[in-house]
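I am opening a notebook page on this structure. The entries below record what I looked up, in the order I took the topics.

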Amino acid sequence: MATFKDFRNNVKPNWCPGCGDFSIQAAIQRAAASVGLEPENLAVISGIGCSGRISGYINAYGLHGIHGRALPIAQGVKLANRELTVIASGGDGDGFAIGMGHTVHAIRRNLDITYIVMDNQIYGLTKGQTSPRSAEGFKTKSTPEGSIETTLSPLEIALSAGATFVAQSFSSDLKQLTSLIEQAMAHKGFSLINVFSPCVTFNKVNTYDWFKENIVNLNEFPDYDPSNRIAAMTKIMETGGMLTGLIYQNKERKSYEDMIVGFKEEALAHQSLDISRESFDKLVAEFK
Ligand SMILES: Cc1ncc(C[n+]2csc(CCOP(=O)(O)OP(=O)(O)O)c2C)c(N)n1
Ligand code: SF4
């Protein structure tokens with residue numbers, strides 16, 4: 001059986017020392033091993049950004065795609081091979097700016113994949129511009145007078161879009177994050193995990209200390225029921241979106257794959273795609 005070390009490769013991450021993304025990589029490797037996966041059972045598909053490099057640092061199938069397009073690729077991978085556990089990942093710019101259209105529709109489509117957003121509330125790779133997750137008043141090179149736009153709330157959007165699994169975590173809380181990734185992988189449908197992941201180089205406001213002071217852990221509410229969607233929305237709003245833990249899960253709704261009549265469990269590559277002469281002629285006749 002694989003251990004987390006089997007999900008390591010020999011590529012040295014070129015993230016800045018202290019970047020939150022290191023812990024997210026470690027959490028994915030630990031979770032993959034603890035749910036009993038082997039590297040050949042996992043595909044990690046990422047977008048573009050510092051965060052997008054993650055697919056190259058994990059020993060599994062991987063694809064470093066294009067900006068904002070991790071989800072269409074990940075959904076294609078899952079449809080072609082249902083036997084794979086598929087993780088899509090990228091930054092808050094990747095998923096909530098250029099890729100937001102895909103994010104909302106992937107959520108409502110509910111394919112069985114896990115989407116991990118590495119949310120540093122800034123564009124890291126392009127050297128520090130304001131992202132949709134930056135706070136109002138946030139000053140960067142792109143908003144020297146401070147951002148005048150409202151901060152986007154991905155958790156509220158996910159719930160409104162019909163998400164079946166919504167969680168949030170902090171890269172420093174490796175135990176909680178690993179457990180949430182394990183639960184997301186076990187969930188039969190689309191799972192969103194938004195992870196606060198400090199950018200130590202460009203974001204001098206949302207630092208490790210700032211997150212520690214502002215995060216509200218769901219552990220503080222022992223009676224909280226993650227199957228209650230209205231309670232989830234209320235709690236997200238009450239905590240200004242700073243809630244961490246498993247916020248909402250709907251175990252009733254079937255995944256997209258399970259609703260396609262006749263969609264087989266085996267990967268396309270394992271199926272015989274031969275077609276009889278009779279069926280072929282019938283098909284061609286339909287187009288005459
Ligand atoms: C189509 C396209 N538009 C813009 C860019 C430039 N670009 C690269 S990464 C990025 C944003 C990076 O921020 P984020 O997605 O939050 O990831 P981070 O680097 O912070 O991890 C942008 C705008 C690009 N590569 N492709
Ligand atoms: S620039 Fe920021 S997000 Fe990018 S690797 Fe450095 S610390 Fe991480």
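**Helix crossing**

I began with the handedness of one helix pair: H1 and H6 cross in a right-handed sense. The model is a predicted one, and I read every entry with that in mind. I then looked up where the two helices run. H1 covers residues 21-34 and H6 covers residues 174-186. Their axes come within 8 Å and the crossing angle is roughly 50 degrees.

**Ligand 1**

Next I asked which residues come nearest to ligand 1. There are 16 residues around the ligand, and the nearest are Cys 50, Ser 51, Gly 93, Asp 94 and Gly 124. I looked up backbone N or O atoms against the oxygen atoms of ligand 1 for three of these. For Asp 94 the distance is 2.7 Å. For Cys 50 I noted 2.8 Å, and for Gly 124 the entry is also 2.8 Å. I then checked the burial of ligand 1: alone, the ligand exposes 590 Å², and the protein buries 72% of that.

Which helix gives the most residues to this shell? I found that helix H3, residues 92-98, does, with 4 residues. Sorted by class, the shell around ligand 1 holds 8 polar, 6 nonpolar and 2 charged residues.

**Ser 153**

Last, I looked up where Ser 153 sits. Ser 153 is in the loop that runs between strand S4 (114-119) and helix H5 (154-160). What does the side chain of Ser 153 make a polar contact with? I noted the side chain of Glu 156 as the partner, at 3.1 Å. I also took the C-alpha to C-alpha distance from Ser 153 to Phe 170, which is 16 Å. The two residues are 17 apart in sequence.

Notes. Residues numbered from 1 in each chain as written. Chains lettered and ligands numbered in written order. Predicted model: local features only at pLDDT ≥ 70, side-chain atom pairs only at ≥ 80, totals over all residues. Heavy atoms only, no water. Near = heavy atom within 4 Å. Polar contact = N/O pair within 3.5 Å; in protein donor to acceptor, adjacent residues only side chain to side chain. Areas by Shrake-Rupley, 256 points an atom, 1.4 Å probe, with all protein chains shown as cover. Nonpolar A, V, L, I, M, F, W, Y, C, P; charged D, E, K, R; others polar. Axes fitted to C-alpha atoms, helices over the stretch in contact; angles between N-to-C directions. Left-handed = near helix turned anticlockwise from the far one by under 90°.
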